[in-house]
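Welcome! Please take a moment with the sequence and the model below, and then read on for a short tour of some side-chain contacts.

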Amino acid sequence: RQSATVTLVWQVKNASLSVECGFNYTWQSSCDKVFYAANASGPLHVAMRTTDQRYLTELDDVDFHWDHPAIVHTGSNSGGDYRGGAKGAIIELFGWRHIDIERE
């Protein structure tokens, strides 16, 4: 995967308000944007604000998977289904201890 579409979905109570979305501090009326591995590196800052700039919501940064190295099994048993690092990344995500993983 060499690209990702980031879509911000918003809903406001007051229908007269318009919202614009910011991707890395660049504001636009569209809340969809496509990012490519070739020119998007590092965390992506995302935010939404009303066009009158009275209200601002900043969201957690987006980390693209291409910014992180693949997790490769380097143990004595190098077999297994690691799916290019994806399976190992899920294990790391949950923070399981290596001894618990070995038992599984």
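## A tour of charges and rings

Glu20 is buried, with a relative accessible area of 15%; buried means under 20%, exposed over 50%, and partly exposed in between, using a 1.4 Å probe and protein chains only. This is a predicted model, in which local features need pLDDT of at least 70 and side-chain atom pairs count only at pLDDT 80 or more, while totals for chains, interfaces and linings use all residues. Residues are numbered from 1 along each chain as its sequence is written, and side-chain values use heavy atoms, leaving out hydrogens and water.

Let us begin with the charged partners. The whole structure contains 2 salt bridges, each being a side-chain nitrogen of Lys or Arg within 4 Å of a carboxyl oxygen of Asp or Glu. Here they are side by side:

| Salt bridge | Closest N and O atoms |
|---|---|
| Arg49 with Glu20 | 2.6 Å |
| Asp52 with Arg54 | 3.8 Å |

Because Arg49 lies in strand E5 (residues 46–50) and Glu20 in strand E2 (residues 19–23), their pair ties together parts that are 29 residues apart in sequence. Strands here are DSSP runs of at least two residues, numbered from the N terminus. Arg49 counts as buried too, at 17% relative accessibility.

Now to the rings. The structure holds 3 aromatic pairs, and one of them is formed by Phe64 and Trp66, stacked at 4.6 Å centre to centre with 10° between the planes. Rings of Phe, Tyr and Trp (its six-membered ring) pair if their centres lie within 6.5 Å, and planes under 30 degrees apart count as stacked. Phe64 and Trp66 are both buried. Together with Phe23 and Phe35, Phe64 and Trp66 form one aromatic cluster.

Finally, find Val6 in strand E1 (residues 3–7). Which residues does Val6 touch, not counting those up to four places away in sequence? Val6 touches Phe23, Cys31, Asp32, Lys33, Phe35, Leu44, Val46 and Phe64, where contact means heavy atoms within 4.5 Å. Val6 is buried, at 9% relative accessibility. Val6 and Val46 are 40 residues apart in sequence, with 9.3 Å between their C-alpha atoms.

Notes. Helices (H or I, at least four residues) and strands (E, at least two) are DSSP runs, numbered from the N terminus. Rings of Phe, Tyr and Trp (its six-membered ring) pair if their centres lie within 6.5 Å; planes under 30 degrees apart count as stacked, over 60 as edge-to-face and the rest as tilted.
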